[in-house]
Amino acid sequence: MGQLSHYFYELIHQNRLVHGYVFTGDDYESKEHVSTELIKALGCLNKDGVGQPCGVCEHCQKAQNHQLADVVSIQPDGQSIRVNQIRELKEWLSTSPIESNFKLAIIESAETMNPSSANALLTFLEEPVEGVYLVLYTQDKSNLLPTIQSRVQGVHFPRANVSERVAYYIETGVSEAHARIFGKMSSETAQRLVSDYEEADVTNWFKALNYFYSTLAHGNLHAVILVQTQLKNSLSVQQALDGMDYLLILNHSMLRILSNTEIENLTQAYFINEVIKTKQPSLAHILELNDLILETKQRLQANVAPQLATERLAILASQ
Ligand SMILES: [Zn+2]
């Protein structure tokens, strides 16, 4: 991570930064870290002899706190980056910077640009503007249209190992128990949960999902009522998807315990053992539940209303 930051300090120092980058790989935290360092280095007036930003001037502080008016970050609106988001971005990029001498846009989950969004972006990449930079995030460069791939320079961020990620979450203020669970989620999901983390909210959310999971494992139709009561307030598309990831982790623990394959480091092992004792789910039912949860994720990704998709899961699990 440090090495990559220095690579960018040097590029900027030597005036060799190009206009478009794609950050690939699964290590979202490092992508964020390196983009922030890149932004600091672009505007810091107190850089040292090798181009490293000072970290303490007003520009560096604002960059660190994501408060620069000349930097934007685009995320998918629902499941995709829409063409009007890219059009608005291009319009924004075409205006002069307000407080810096550059403009920079980060496009997260760039693979979710549909062809018209990607084409709208392409015209910018074909005729780059002085002092304007784009950084795309995606897992794999091949997820982007070939025309885009050829106009951005790739920098790879391999997946950080789980213990590094967990340590990083704890460092940013996440409780150890939650950090261990986040470490089992994809780094993008985890980063989202970390970015507006409130310990009590996450505890309550996991509690509601645990209760929901125990009724699913039991095959009890009461799960439908839980969707309409306890889960109702955490059913935005994104939160429903994140919730499904959590259910998959619980189900994974359940599968491991029921099949006696591995009992080290399981998430919520105590809770899962209680569910086994009181609800006695069969291995076949838990295997089926795995498919049902994955199917629910697909439905959510296809924009089925979260409450409907989750109720359907509850109904099918009880049959
Ligand atoms: Zn500075």
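**Exercise 1. Work out which elements build the largest pocket, and what kind of residues line it.**

Start with the elements: at least two lining residues each come from α2 (28-43), α3 (58-64), β2, α9 (187-195), α12 and α14 (283-301). Helices here are DSSP runs of H or I with at least four residues, strands are runs of E with at least two, and both are numbered from the N terminus. A pocket is an open set of points on a 1 Å grid over the protein atoms alone, with protein on both sides within 12 Å along at least five of seven lines; lining residues have an atom within 4 Å of a point.

Before going on, note that this is a predicted model, in which local features need pLDDT of at least 70 and side-chain atom pairs count only at pLDDT 80 or more, while totals for chains, interfaces and linings use all residues. Residues are numbered from 1 along each chain as its sequence is written, and side-chain values use heavy atoms, with hydrogens and water left out.

Next, find the main contributor: α2 supplies the largest share, 9 residues. In total 47 residues line this pocket, and Y28, E108, E188, Q191 and R192 lie nearest its centre. Finally, sort the lining by class: 13 nonpolar, 21 polar and 13 charged. Nonpolar covers Ala, Val, Leu, Ile, Met, Phe, Trp, Tyr, Cys and Pro; charged covers Asp, Glu, Lys and Arg; the others, Gly among them, are polar. The volume is about 1300 Å³, meaning the space filled by probe spheres set on the points, with grid points joined across faces, edges and corners.

**Exercise 2. Describe the second largest pocket.**

Take its volume to begin with: about 370 Å³. Of its 13 lining residues, A177, R180, I181, K184 and T267 are the closest to the centre. Then turn to the elements: α7 (162-171) and α8 (176-182) each supply at least two lining residues, and α8 gives the most, with 4.

**Exercise 3. Find the largest cavity and say what lines it.**

A cavity is a set of grid points where a 1.4 Å probe fits but cannot get out. Searching the whole structure for cavities of 30 Å³ or more gives 1. The largest cavity holds about 70 Å³ of space. Its lining consists of W205, L209, L231, S234, L235, Q239, A240, G243, M244 and T310. Here α12 gives the most, with 4 residues.
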